[in-house]
Every structure is written in C-alpha cells, then in structure tokens.
Amino acid sequence: GNVGFLGPTRSGKTTLLAQAFISNQHLLQTTCILGFVKKPELRHLATVPAMASLVRVLRKSDLKFSLLQPPPHVPEDAWRAEVVRLVAQCYGRFSAQRLLGQIVKDLMAHHPEGVYPTLPQVADVLDAFKPRWGSREAGYKESIAYVLRDLLNCTGALWDYSASNVLEVLTGSPGLVLIELEDLPQEHFTFLVTYVARWIYFQRLSRGAVIL
C-alpha cells in the first residue's frame, strides 16, 4: 500500500510525517525506512537521544551504486531490461529505449563474474556509437546521451562502481536512513528514488520466486 501526504507549501506535511510516522521509536526498531529528501528538514531526528542510534543521515557522496548489478537472486536479463525501461520512463526517452537497450545488452554479454558495466562506461559506448548521419538513430543517440551525461555531471562518482552492496546494507537493518539530495535536479532526483524503489521491489519478488 501507499500513503500520500498532500497539501500546499508550508501546510505542515513534513511536520506531520515526522511526528506521526518516522519518529516512532518502536516502528524504527523493527522497520527499515529510507527517506530521500530535498531539504535538510528531518536531520534533527538524529539528535533526539532516544532515536540517535536508529537514524543515519547520508549525502550524495556517501552513495555508491552499481547501475546494472541486479539485486540478490534476480536474473541479470530482468534487471537489465528494468534499468533501460526506467531511464526511458523517468526522462521521457521512449524512442531511444531500443538503442540504449542494445548497447547495455552488448556490454553485459561478456562481463566478468561479479563485475558489471558502470554508467560512465555505458555513456562512453553510447558516445562512440556512429549512426548514419541524418538517421533517426542519430537523434535517439543525441537525446539519450545528453540525459546520461547530465546525470553523471550532477551525481559525481555515485554511479562509478562495477559492484556495490550499499543497497543491501541500507535495507538490511531497521532504522531511518535519510538521504539528502538538495542540490540534485528534480528529474535526476526522481530517477534515483525510482531506481532504489525498483531495486527493493525486485529484491522482494526474488525471495522464493524467480523473476522471468
């Protein structure tokens, strides 16, 4: 299920969320909550003595993601297709989805075990792709290449890792993890949050069942 806190600016949404939900000590002792925030409005929860051990505050530089590394027990093909679909959906680049999908598929075809292509590597291969001048693929390449380069420029080294267990660590124990991304443009913020949400969803699906 999902819960929405809706209201105009400065109507108390964040205060309600903090007081009624994520500051519940008993809840945080049994449940893992990841909070992606654009403003440092909730970090004070880490200073509350009764909650200090249950709250962590991270910044963009603390995150280390391996874009194409699937969640545990999730087939590589399923995760590869999901990542390509996410890029197309979050940035409205549906026409370029096929081109990006083929490049990612080729990169994943012969990767060493436990070592996955990084986002910078995907962007480099895309840049090196030579479509026919004036073809539709030339437009698709320009469109998706701009998105990936802008994402890299705005997130620094976040996607530079060929393997990472950071999401397993963040979701592996109860408590509140606040990830502050105040300088991240909204489109990249949306992609990052959606990526993590889908990672968690695929991980849950894989427990006792195979994703096809």
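**Exercise 1. Cysteines**

How far is the sulfur of cysteine 90 from the closest cysteine sulfur, and in which residue is that sulfur? Then state how many disulfides there are.

*Solution.* The model is predicted.
Step 1. The closest cysteine sulfur to that of cysteine 90 belongs to cysteine 154, and the distance is 15 Å.
Step 2. A disulfide requires sulfur atoms within 2.5 Å. The sulfur of cysteine 90 is therefore too far from that of cysteine 154 for a bond.
Step 3. The count of disulfides is zero.
Step 4. For accessibility, cysteine 90 has a relative accessible area of 21% and is partly exposed. Cysteine 32, with 28%, also counts as partly exposed.

**Exercise 2. Overall layout**

Give the number of helices and strands, their order, and the part of the protein that is buried.

*Solution.*
Step 1. The protein has eight helices and three strands.
Step 2. Read from the N terminus, their order is α-α-β-β-α-α-α-α-α-β-α.
Step 3. Along the principal axes, the C-alpha atoms occupy a box of roughly 60 × 40 × 30 Å.
Step 4. Of the 212 residues, 40% are buried.
Step 5. Take the contacts between residues at least 6 apart in sequence: 75% of them join residues at least 24 apart.

**Exercise 3. Helix 6 against helix 8**

Describe how helix 6 and helix 8 pack, and list the residues that make the contact.

*Solution.*
Step 1. Two packed helices are described by the angle between their axes and the distance between the axes.
Step 2. For helix 6 (residues 136-155) and helix 8 (residues 186-206), the angle is about 90° and the axes are 10 Å apart.
Step 3. Angles of 65 to 115 degrees count as roughly perpendicular, so helix 6 and helix 8 are roughly perpendicular to each other.
Step 4. Helix 6 contributes Val147, Asp150, Leu151 and Cys154 to the contact, while helix 8 contributes Glu187, His188 and Phe191.
Step 5. Sorted by class, the contact of helix 6 with helix 8 contains four nonpolar residues, one polar residue and two charged residues.

**Exercise 4. Histidine 188**

Is histidine 188 buried or exposed, and which residues does histidine 188 contact beyond its neighbours within four places in sequence?

*Solution.*
Step 1. Histidine 188 is in helix 8.
Step 2. Its relative accessibility is 1%, so histidine 188 counts as buried.
Step 3. With neighbours within four places in sequence left aside, histidine 188 contacts Val147, Asp150, Leu151 and Cys154, and also Tyr91.

**Exercise 5. Aromatic pairs**

Classify the ring pair of tryptophan 159 and tyrosine 195, then that of phenylalanine 191 and tyrosine 195.

*Solution.*
Step 1. There are nine aromatic pairs in the count.
Step 2. In one of them, the ring centres of tryptophan 159 and tyrosine 195 are 5.2 Å apart and the planes are at 85°, so this pair is edge-to-face.
Step 3. Tryptophan 159 is in the loop between helix 6 and helix 7 (166-170), and tyrosine 195 is in helix 8; the pair therefore ties together parts 36 residues apart in sequence.
Step 4. Tryptophan 159 is buried at 0% relative accessibility, and tyrosine 195 is buried at 1%.
Step 5. Phenylalanine 191 and tyrosine 195 have 6.3 Å between centres and 40° between planes, and their pair is tilted.
Step 6. Phenylalanine 191 and tyrosine 195 are four residues apart in helix 8, so about one helical turn separates them. Phenylalanine 191 is buried, at 1%.
Step 7. Phe191, Tyr195 and Trp159 belong to one aromatic cluster, together with Phe65, Trp79, Tyr91, Tyr201 and Phe202.

Notes. Residues numbered from 1 in each chain as written. Predicted model: local features only at pLDDT ≥ 70, side-chain atom pairs only at ≥ 80, totals over all residues. Heavy atoms only, no water. Axes fitted to C-alpha atoms, helices over the stretch in contact; angles between N-to-C directions. Helix = DSSP H or I, 4+ residues; strand = E, 2+ residues; numbered from the N terminus. Parallel < 35°, antiparallel > 145°, perpendicular 65-115°, else oblique. Contact = heavy atoms within 4.5 Å. Nonpolar A, V, L, I, M, F, W, Y, C, P; charged D, E, K, R; others polar. Phe/Tyr/Trp six-rings, centres within 6.5 Å; stacked < 30°, edge-to-face > 60°. Buried < 20%, exposed > 50% of the residue type's maximum accessible area, 1.4 Å probe, protein only.
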